Structures are given as C-alpha cells and as structure tokens.
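This report looks at one protein model from the inside.

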Amino acid sequence: MRILLRILIWLAINAMSGWVSAQPKPSYVLGRVTDSAGRMMPGVSVSLLDRRSGAVTDDSGNYRLRIPSARAFALVFSATGYRNEQRNLFIAAGAERRLDVRLLPDTSALKEVVVNAPADRRQTGLIRLSPTDARSLPSVTGGIEGLIKIFVGSNNELTSQYSVRGGNYDENLIYVNDFEIFRPYLVRSGQQEGLSFINPELTGRVDFYNGGFAAVYGDKMSSVLDIKYRKPYRTGGTAYASLLEQGLHLEGVGRKGRFTYLIGARNRTNRNLFASQETKGSYIPSSADLQGNLRWRSGSRWEWEGLFGLTRTRFDFAPEYAKLTSSVFSPLFSANLGMDIFFDGAERDRYATDMAGISATFQARPSLELKWLASRFSNTEQEAYDIGGYYVFGERDFDRSRPTFGEIVNPLGVGGYHQYARNRLRIDATGIGHKGKWTRGDHVIQWGLNLDHTKISDRLNEWERVDSAGYTLPYRPGSLRLTSVIKSAAELEALRLSGHIQDNMVFRGAQDITLQAGLRFNVNDLNGEWLISPRLQAAWVPKRQKQYIWRAAAGAYHQPPFYRELRLYNGTLNTTQPAQRSWQAVAGLDRLFTAWQRPFRLTAELYHKQLFRVVPYDIDNVRIRYRGDLSARAHATGLELRLSGEWVKDAESWLSLGFMRTREDITGDHYQQFFNRAGEPITAQTADQVPADSVRHDIGWLRRPTDRLFTMGLFFQDYLSTNRNIKVHLNLLAGSNMPYNIPQSVRYRNALIIEPYIRADLGFSALLYDEEKRRGKGKSLWKPMRSLWASLEVFNLLDRRNTISYQLIKDFSNTVFTMPNRLTPRLANLKILARF
C-alpha cells in the first residue's frame, strides 16, 4: 500500500511539473503614445480588443502591458478627440516588443468633443510646445527657446534670451521639474553665451505661459517656462553631431521599473558662426554641460528625484580689425559711411554654473500629494579684457572699377579707445520648499512655501578711455581723465520667504466654467518689503458652442529686485530698492475648427499691463543695465493671434502675430535748454556763448527699450508627397523697429531706431534608417540603432544682416554718427542624429 501511494504521489508531481513547464512565459508590449505633433499623451487607454484588460499611459505617454503569449491579438489605443488606433500583433512566449503609436485628431469629433477640453486650452496664456519640434527647428541657438521666439519675437539669433509682452529677460521664470533655473549675469553679447540649461533631448513636456499665469508660479512680471524632463520606459539614447554642437544622451530603467535615469552631455562651439562676423580675429568660444535626472520609487507612495547640471563656458577673443558700413540718406546728400578699426589686445571670459536639486514626493492618499524640495545653485563668472582700438571714419568707396574700392576715401574723423576690465561675480543660492495638492470633488487645492538664501560677491574694476583727434574725452587742459571708471566691491546676503495657495474649481452645470483663484506672498530681509499678489483665472465653455473657450485672467505680478536691479551704473548696490509692481489683465478666445478635412486651432488674447515703481534700464546687445537710482511708471497693451494646425496633412505648423505698444515715464526726467542774450539756443558753451536764460523740458512718456509694434513668427513643416521620410522645416521671424538709447543722454533717451528684424532659417531632414521599417527583413548592420537622420540647415536664408546695436562716432566737426553692429550672415550647417 505504501509503495502504491508513493507511485501515485510521484506521478502527480511529474504531471504537475509538466503542466507548469508547459505554461508559456509571460510576454509584454510597451511603448509611448504621442499626438500628431509628437507631444507625449498621458491618459490614453491601451486595451486588448474585446477584452477588459488594459493599461493607461502615464504622464510621459508611456505604457507597459502584459499580453497573451504565442497568440495573435489586437491592441486598441483610444483617447477623447482622437481616432482609435488598432495594431495587430504576434509576440513569441517570453518576448518583449516595443510599439510606439501616434494618434491623429478625430476631425469629425471636433465639433462635439470639447466637453472635456484639455488643460492647455483652459489656462490663460498657456502654450504647450512639442520637444520634438525643438529638435527639428532650424535655428542658430536651437532648443526650446528657439520655439518660444516664434510666439514672442526676437531681435538676436545669437542668444537664447527672449522678451515677453514688453518685459525684458530678467522678468521671466524658468523651472525644470519644479526647480528654478538661473542664468549668467555678466554676459554682454550673444557671442559670449553658452548652452541653455534646458536639454531638448531630455525634455518631455514644455508649458510656456506668456502672461496671466497662476499663483502657483513665482514673483516675476512677464512669463513662465515650465519644463518637465521625461520619465524613461526603456533603455536607449541619442547621439548627434553638427558643425556647431555635439551631444549624447542615455536613458534607462532599473530593476522592476523602480529606478530610471536620464543623462545628457553637450558641447557647443560657435567658431564657424563667428568667422563671418564683421569683426575679424581669433574666436575661441566653447560651452559644455552635463545633466542628469535620477528617479527612484520606494514602495507605492514615495518617489525620490535628483536633478543636477554642470555647465562650463569660455570665450577667448583676440580682435584684429573690423570694417563697419552704414548708409546715410537725406534731402541734402547721401553717402556710404564706413569705419575701419584696428585692434590690439584680447578678451578672456569664464562662466561656471552648477546646480543640484533633490525632491521627495509622497502620495498620502489618491487625493493628497505632498512634495518637498531642496536645491543649490552656484554661479561663478570672470570677465577680463584689455582691448585698444584705433579707427578712421569717413566715406567708403564702393566703386569696383577704382583701385580704392572698399577703402575710406574721404576721412571725416580719426580716434581710438581703450577698454579694460577685471570683473568677478559669484552667486550662491540655496532653497528649500514644500508643495502640496489636495483633490476634493470639483476642487483641487494647491499650496506651497519656499525659503531661499542668496549670497552675492561682486568685484568690479573697469575703465574706458576715448580719444578723438588726439584729445582724450572728456578733455581737460593739463590733465588726463578717463571717460568712465567703475571700481567697486560688494557683499550681499538676502533671505526670502514666499508662498502661495490656490483653489482650482470646476462648475459643470448648464455651463462649463473653470476658475483658478490664488494668492501669493513674498517677504525678504533686504528691505523688509511685504508683497501680496492675488491672481484669478477663468475659462468658460459655452453650452451650444463647445468648440469655443473664452478665457480671462487678472491679478498682481510683483517682482522683488535681484542682483542686476540693485546694481547702479557706478557698480554700487542699492539695497533699499523696492519691488517693481504691476497689475495685469488678459482676455482671450480659443477655437477649434476644421479646414480641408484637417484640424486647426485659433487663439487670440488681448492684454494690458499697468506697472509702477519700475526700474528704468537700457539694453545693449543682451546686456541689461538698470538705473537703480531712478523710478518710473509704465504700461504695455497688445494683441496676440496664434494659428496652429495641419496646413500639410499630419504635419503641424504655427503662425503667430503680435501687436504691442509699451511706454514709460521716468519720474523727474527733464533737461534744461539754454539761451543767449539774443534769445538764441546755445548748442555749446564757449566764451562768446554765455547762458542768459533757460527753459526746463519734462520728457514725459517714451518708448521702452523692448517696444515693438509688430512681430510675426512662422514655423512651417512639409514633406515630399512621394517620400515622407524627407522633410522640410521653415523658421521665419520678423519684427518692426525698436528703440536704442544714446548713453548718458536725457534729452534723446531711446531716440535711435534699430531697423526691423527679418530672418528666415530653412532646414531639410532625411530619415536614413528606421528600425520599424526594417523589422522582419533580415540582419542589418544598423541593428543597435532605432533611427538615423541627416539634416542640412541654411541659417539666414535671405542673407539679411540685422542690426543689434550701434557704435557712436564723432567727426571733426563734433557731429555724431551711428555705426551699426550687425548680426550673422548666411551660413550652412550639417547634422547627423542617431537614436538607439
């Protein structure tokens, strides 16, 4: 009996083990879902056809789903407002297959679907951009900022800086994964700029607010750029190389998907770009950075994140000579004026930026999320130059038949100048913060509290000597005086406490209304000033016209001073400088419609800014210099129109138009006009021209340095009808004239005019290898690679030399002439991009 029992047990065990071993190993399909513009799509349903099992894509558009092994099946991808996408698959047992899907808008549903309008349509001022477009955009600087310039305009292709609705670059906020990002401060021209902190290859989502943003964002007056880096779902990366920039990025997922990493490295040199500048010499510009984003999920509630960035930029320049030319047209005469400058000396600048941040997110319950953040930012800048220039100024000969072609044939003035600087700046900023979000019914309540400590060490030592016709200006008989001298040392520490609370409300009755009501506060120990900023945003979807969304926003946007606002022209710091204050209102319309059976979106926004306690400033190239000893009031009013859609099927393009006027009135700004005894105006005080009377003239309202009546931006994409793997991209920017200030002039402040900016960049790209199309076609030398692209870019297709600033020159009769400093000419660039 025992023997029989043992035999039965042995047979049962063998039968069971055979059954277990016969079970197929689980198989998985994973990938990413994007829209027609390449933007990641969260919340997309991924399900097996005729089954209840499935998954939903995460915030980065990623999904991973267990599927039947060694059997044919169908996956269905569905999202509101998009066509369902079905893919038929067969995956071997134990295998894993990657499947990326692009969903196209459902044009037949656009007329009815806007009941659940996405967040980017309901929020005032929000423009959601595609990182994919940033990688294909033909632009000298490229990147995310290149896309932003399409909507806000630009007057300088060498910089990633931008101004929004009449503000300057210092009025813009930049966040990466909720950490605020800073930029170098001593940069004087776009040539000295390095890489932007934002790496497009690591970017997953781009939210740009050009005004009317909510209280959850900080205390600046113009805009917010909110960047979210991607969360990887597989191991991979990219490598690219061009004549201007090279880069590598790696990403991957650790065991069980709890740990993910993003690592990116870039190197950029603009030597080829600067070789065509009007000022010839030895240019050695370079910029390199290393960034990383690490995430680790501990259990089901905790997620830890680390973000770091190291940037090193150098600019070495030994100028040799420059040939500047300007044309003069008047009712009396016309002439081609030129200036030949011969240089001696060199410039050496160094910029080092380090950033590290860590955050912990706790999902206390499905409706409650808590987040803690800590970060440190360190910026060290060194600026050193010792350059002398000697020039001859006059009429240039442009007659090619003469031996003097290109030379100065009628001198009007000679002179020279000597510029010297040994400047050093170090900024250390440390911050800790807490953010929370609680969902209850139709309310989402957000709050936050931040404590920031800033330490600044500033050393300035610079002077300039100007020589005109053998006399040093200002001329003083018997003495030698420098034209300007700045020598100062400053140490500054500031502690700032800020916070916000905001309620996001949805009312879904007869009308669909969304409200965002928030309040910010800010206080610092530098001047003890308290700032309270209420802000309100609203969106309304009409019941019978759901393709429309009406939006409005109003609130206070106050900006406490930082380093540049505190620094006066003489280098000292005005620590009593109060915050700049503004009240802003925005009203807009968002409409979806179809044309040629393709989806389009039209957005219009009308805005007005009323500013108080404004610190006046001048802009020279990209250098912003504040007059911290003065105060002004200002206003800006404008209209923005944006049209996006598939002008070419399955290729999204954008058109942006802007109209704006911004003015300022500096308190107490005036000049005295003197008259002699005969009542005639005195232009220069001499022995026979003694003032006998004077009249005070108050300046009043003037154009601000960023005033521009009209801007236009176009990003157009197309492809060959016979081969969609060959694409073309056009980036067109245009803007009307801007004012330029005459240094140290009260009477003629912002009186010079910089001519309109017009620039077109064209790019061609070709897909040389695609893993998806090679699947099942046998072995390939490119097996480790997912895709390979080759691009040709033509910068400044029109070869228009735009003006960025002016150099003022006096002739023998003391008449002042302006010589333009121009930007880059036409240039070609080649690029290879591999994804693996």
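## Largest cavity

The lining of the largest cavity has 11 nonpolar, 13 polar and 9 charged residues. Ala, Val, Leu, Ile, Met, Phe, Trp, Tyr, Cys and Pro count as nonpolar, Asp, Glu, Lys and Arg as charged, and the others, Gly among them, as polar. A cavity is a set of points on a 1 Å grid over the protein atoms alone where a 1.4 Å probe fits but cannot get out; lining residues have an atom within 4 Å of a point. The model is predicted: local features need pLDDT of at least 70, side-chain atom pairs pLDDT 80 or more, while totals for chains, interfaces and linings use all residues. Numbering starts from 1 along each chain as its sequence is written, and side-chain values use heavy atoms, without hydrogens or water.

Of the 33 lining residues, Thr 141, Gly 142, Gly 143, Glu 245 and Arg 268 lie nearest the centre. Helix H4 (143-152) and strand E16 (259-268) are among the elements supplying at least two lining residues each. Helices (H or I, at least four residues) and strands (E, at least two) are DSSP runs, numbered from the N terminus.

## Largest nonpolar core

The largest nonpolar core has 45 residues, and Tyr 162 and Leu 225 have the most contacts inside it. Such a core joins buried (under 20% relative accessible area, 1.4 Å probe, protein chains only) Ala, Val, Leu, Ile, Met, Phe, Trp, Tyr and Cys residues through side-chain atoms within 4.5 Å. H4 gives the largest share, 6 residues.

## Met 819

Met 819 lies in strand E44 (residues 816-822). Met 819 is buried, at 0% relative accessible area. Its C-alpha is 8.6 Å from that of Ser 805, 14 residues apart along the chain.

Technical notes: Buried means under 20% relative accessible area, exposed over 50%, partly exposed in between (1.4 Å probe, protein chains only). On a 1 Å grid over the protein atoms alone, a cavity is a set of points where a 1.4 Å probe fits but cannot get out, and a pocket is an open set with protein on both sides within 12 Å along at least five of seven lines; lining residues have an atom within 4 Å of a point.
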